[in-house]
Amino acid sequence: MSRINLMSKNIKRFLRISFALFSSQYSLMIEYRAEIALWAISGMLPLIMLGIWRESGISLALSLNKDWLTRYFISAFIVRQFTAVWVMVSFEEDNLEGRLSPYLLQPIMPFWRYFFSHIAEQFSRIPIVLIMLLLVFISMPGAFWFPDFGHLMISIFAIFSAFCVRFLLHWLFSMICFWTDRASALERLLLIPYLFLSGLVAPLEAFPDSIKTFALFTPFPYILSFPSRLLAGQEINIIKNFLILFLWGLVLILLGHYFWKLGLKRYSGMGA
Amino acid sequence: MNKIIKTIYSFWSTSIAIEMEYRFNIIIEILSLSGNLIGSLFTLSLFYGPNTNLGGWSWPSSLVVLGIYTILDGFTISILQPNLSRIVRHVQNGTLDFVLLKPIYSQLWVSLRLFSPWGIPSVFVGMILILFGIYYNNLIINFQTIICFLTMLFSSLLILYSLWFLIASTSIWFVKVWNANEVLRSTLVAGRYPIYSYPSLLRRLFTFILPIAFLTTVPAEALLNISSPSWITASVFVSFSFLNITIWFWRYALRFYTSASS
């Protein structure tokens, strides 16, 4: 009995802290609405690529029809909007300016602070993304579709899982901040395979087989291509993809935790 | 003029000296350059099948476009990014005061104060891509073509600079506009491909509203000898009007500068 009590107490505490972090970060984000709008617009790449793919003759040669491509890239646009991660930049800033020290004194792992600031940002992004989608569908009325409720729910869950995995990946690389003070330069390197292997600029169907196989060994297609195809209502092995996504998540959690412990020992509290 | 060249020379030699402290960066820059290059070439190759091409452009011609894009990218890394990102910080901290007090034209100072050598490899790679494009196209390059191409390239550099500068100088009103440059950068990615590969709506958007066509496609056409005089005049005209707009806009914006902190 007491064990159950303790557990419910812990869960309550967790929920209370999450809510507090979320609401404080949300009000912070609302202050920077204009900035968030700009971030959202800067995620336009899939829509630009949609333009090229629709015009290009290669889509016919690969028997990818235009409606399929349109839905895929519009979904990729949505998925990208809600899987945006910038933890490396803010972690480096906090580390260099000594803000990490007070965070470490609090009885909560700094990880959650960054995590909830991302979640809060996603919520403040929703209206902007909706306006952009409205513009897209006005210029391409034939492209409009709406998934049924169950489909929508599982897609949202997939997008959220993809976000978590991408966040964990960037969190792992943020740990490099403990060893060098120019870690955010590495973020640019991390963006390269994401850009070209995730299915952001080209659907995986268009890849030559060898490169497609290679891409599927990296986490990137599961972060973007999988949730996009799910949202677009295209045929995909849901269980297998979710399993691989979770497996990546697990590996990244373990590695992230290990390097966090290792890095903390080296933390010198710069600026404090 | 002589004085300006001398000033810029000392500006750049000091900033190169600073950057040399971070020699580790060269590894990251080279990795990032080669990663992006392989990725772009790969993506570009996806559009080329036995009977397909990109907007009627052959593979070598597309390489020229990609090469020009890479050169512009190097220019961005070397000059635009280090300098124009600082305008935002100057406004935020009120240190723009000191810039305005210096006995030099302030737009020149904020635009050319720093030079980062890390963009140079991109410029080289861009030139190599262009040479490949010329070679595989079996082009005979005469003096006139080169002059024409260099003029177009210069215009596109001016347009690119103007776009960045206009956005960066709006920080006088909005302070935190660094993201706006991210927007610009992510849209300019469209310049990796010939403008003809886009549907007509986007093509018009990229010609008349955001002049991406003038950034890469027009110089490439000049080099490939397929440009029309009207495009060339348009490009020169657009670049000079953009440059004049930036000069006017900077003066106008400074009137609203309230100098935080002092």
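At what angle do the axes of helix H7 (residues 143–169) of chain B and helix H12 (residues 229–254) of chain B cross? In this predicted model, they cross at roughly 30 degrees and come within 9 Å. About 2,900 Å² is buried between chain A and chain B.

**H7 and H12 of chain B**

- Angles under 35 degrees count as roughly parallel, and H7(B) and H12(B) are therefore roughly parallel to each other.
- The two helices, H7(B) and H12(B), cross in a left-handed sense.
- On the H7(B) side the contact includes Cys148(B), Met152(B), Leu158(B), Tyr161(B), Phe165(B) and Leu166(B).
- Among the H12(B) residues they meet as a group are Ile232(B), Val236(B), Phe242(B), Phe249(B) and Trp250(B).
- The residues of the contact of H7(B) with H12(B) comprise 17 nonpolar, seven polar and no charged.

**H2 and H8 of chain A**

- Helix H2 (residues 33–41) of chain A crosses helix H8 (residues 110–139) of chain A at roughly 60 degrees, and their axes come within 9 Å.
- H2(A) and H8(A) are therefore oblique to each other, and the crossing is right-handed.
- H2(A) contributes Arg33(A), Ile36(A), Ala37(A), Trp39(A), Ala40(A) and Ile41(A), which meet Glu121(A), Ser124(A), Arg125(A), Ile128(A) and Met132(A) in H8(A).
- The contact of H2(A) with H8(A) divides into seven nonpolar, one polar and three charged residues.

**H5 and H8 of chain A**

- Helix H5 (residues 66–81) of chain A packs with H8(A) at an angle of about 165 degrees, the axes being 11 Å apart.
- That angle makes H5(A) roughly antiparallel to H8(A).
- H5(A) passes H8(A) in a right-handed crossing.
- Ile74(A), Phe77(A), Ile78(A) and Gln81(A) in H5(A) meet Arg125(A), Val129(A), Met132(A), Leu133(A), Val136(A) and Phe137(A) in H8(A).
- In the contact of H5(A) with H8(A), eight residues are nonpolar, one is polar and one is charged.
- Arg125(A) and Met132(A) of H8(A) take part in the contact with H5(A) and also in that with H2(A).

**Interface of chains A and B**

- Chain A gives 32 residues to the contact and chain B gives 37 residues.
- Carbon and sulfur atoms account for 73% of the area of about 2,900 Å² buried between chain A and chain B.
- Ile52(A), Arg182(A) and Phe196(A) supply 21% of the area that chain A buries against chain B, more than any other three residues.
- There is one salt bridge between chain A and chain B; the side chains of Glu29(B) and Arg188(A) form a salt bridge at 3.1 Å, N to O.

Technical notes. Residues are numbered from 1 along each chain as its sequence is written. Chains are lettered from A and ligands numbered from 1 in the order in which they are written. This is a predicted model: local features need pLDDT of at least 70, side-chain atom pairs count only at pLDDT 80 or more; totals for chains, interfaces and linings use all residues. Side-chain values use heavy atoms; hydrogens and water are left out. Axes are lines fitted to C-alpha atoms, for helices over the stretch in contact, and angles run from 0 to 180 degrees between N-to-C directions. Helices (H or I, at least four residues) and strands (E, at least two) are DSSP runs, numbered from the N terminus. Angles under 35 degrees count as roughly parallel, over 145 as roughly antiparallel, 65 to 115 as roughly perpendicular and the rest as oblique. A crossing is left-handed if the near helix is turned anticlockwise from the far one by less than a right angle, and right-handed if clockwise. Contact means heavy atoms within 4.5 Å. Ala, Val, Leu, Ile, Met, Phe, Trp, Tyr, Cys and Pro count as nonpolar, Asp, Glu, Lys and Arg as charged, and the others, Gly among them, as polar. Buried area is the accessible area (1.4 Å probe) that two parts lose on being put together, summed over both. A salt bridge is a side-chain nitrogen of Lys or Arg within 4 Å of a carboxyl oxygen of Asp or Glu.
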